[in-house]
Amino acid sequence: MQELRITAAALSAPDPLPRLCARHGEAAETWRAVTFGSRLPWWGRLVVVLGFMTVTTALRRHRLHVPAWPFCRRCVRRRRVTAGLAVALGLGWLIASTAVAVGYGVGTVVGVLGLCSGIMLTRSVTVIMLFPADWSAIVGGVVTADGEELSVPRAADAFANALPGSR
Ligand SMILES: [Zn+2]
C-alpha cells in the first residue's frame, strides 16, 4: 500500500493503466468510466448532507475523466453492497417516517411535517450513503489541489509496480 500519483498527462495517453485493480492488485474484470474530483470545500460537504449530490460534482474545482478504469471483482461487489445498502436504508427510512406520519394522522400538522421531513431525510440519507458507492470513491482517488495529478492514497503495490512511469 502506498500513495500513488499519476499525472493527468499520463492518464490521457491511450491505454495508460495496467490491467489490474488499483486498490486490491487483483486482475481487473471490468472497466468503467470514472470522473475523479478534487476535495470538496467544507461547505460542499454541507450541500451533500442537504441531499444535493448532483451539484457537488460542479463544486469540485478540478475533475479528471478516465474513460476506462480497471476494477476487480471485490470492487464490483463492494459497489453493489454499498449501493444496495443505501437504497435499503433510504427505503426503510421512508417507510418508517410514513408509518409515523400515518400514526399521527396524515391530516394533522405533526403528520404532514413528519412526512415532509421524512422524505427530505430519506433523500439525504440515500445521497450520503451513495457517496462511498461512487466508482471514484471505490478507487479512493482524488485530484490534487493543482489539478495536475490523480492521487490514489492506498494503491496496491502490484498496480503501482505495473504502472509505467509512476512515482
Ligand atoms: Zn478491486
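## A first look at the model

D15 sits in the loop between α1 (8-11) and β2. The model is a predicted one. Phi of D15 is near 50°, a positive value in a residue other than glycine. D15 has 7 C-beta neighbours inside 10 Å, so D15 counts as exposed.

**The core**

The largest nonpolar core holds 25 residues. Among these, C21, A22, F71, A155 and F159 touch the most other members. At least two core residues come from each of β1 (2-7), β2 (30-37), β3 (63-71), α6 (135-139), β4 (142-143), β5 (149-155) and α7 (157-162). The largest share, 4 residues, is supplied by β3.

Take F71 as an example from this core. Leaving out residues up to four places away in sequence, F71 touches C21, A28, T30, R32, V76 and I138.

**The helix pair**

Two packed helices are described by the angle between their axes and the distance between the axes. How do the axes of α4 (residues 73-104) and α5 cross? They come within 8 Å and cross at roughly 175°. An angle over 145 degrees counts as roughly antiparallel, so α4 and α5 are roughly antiparallel to each other. The residues of their contact divide into 17 nonpolar, 8 polar and no charged.

Helix α5 covers residues 109-130, 22 residues in number. From first C-alpha to last, α5 reaches 31 Å, close to the 32 Å expected at 1.5 Å a residue. Which residues in α5 are buried? G114, T122, T126 and V127 are buried there.

**Single residues in the pair**

A86 lies in helix α4, while R123 is found in helix α5. A86 has 19 C-beta neighbours inside 10 Å, so A86 counts as partly exposed. R123 has 17 such neighbours and therefore also counts as partly exposed.

A86 touches T126, M129, L130 and A133, not counting residues up to four places away in sequence. One of these, T126, is a buried residue of α5.

| Pair | Apart in sequence | Apart in space |
|---|---|---|
| R123 and W93 | 30 residues | 9.5 Å |
| A86 and I119 | 33 residues | 15 Å |

Methods
Residues numbered from 1 in each chain as written. Predicted model: local features only at pLDDT ≥ 70, side-chain atom pairs only at ≥ 80, totals over all residues. Core = buried A, V, L, I, M, F, W, Y, C linked by C-beta atoms within 7 Å. Buried ≥ 20, exposed ≤ 12 C-beta atoms within 10 Å, placed from the backbone. Contact = placed C-beta atoms within 7 Å. Expected span 1.5 Å × (residues − 1). Axes fitted to C-alpha atoms, helices over the stretch in contact; angles between N-to-C directions. Parallel < 35°, antiparallel > 145°, perpendicular 65-115°, else oblique. Nonpolar A, V, L, I, M, F, W, Y, C, P; charged D, E, K, R; others polar.
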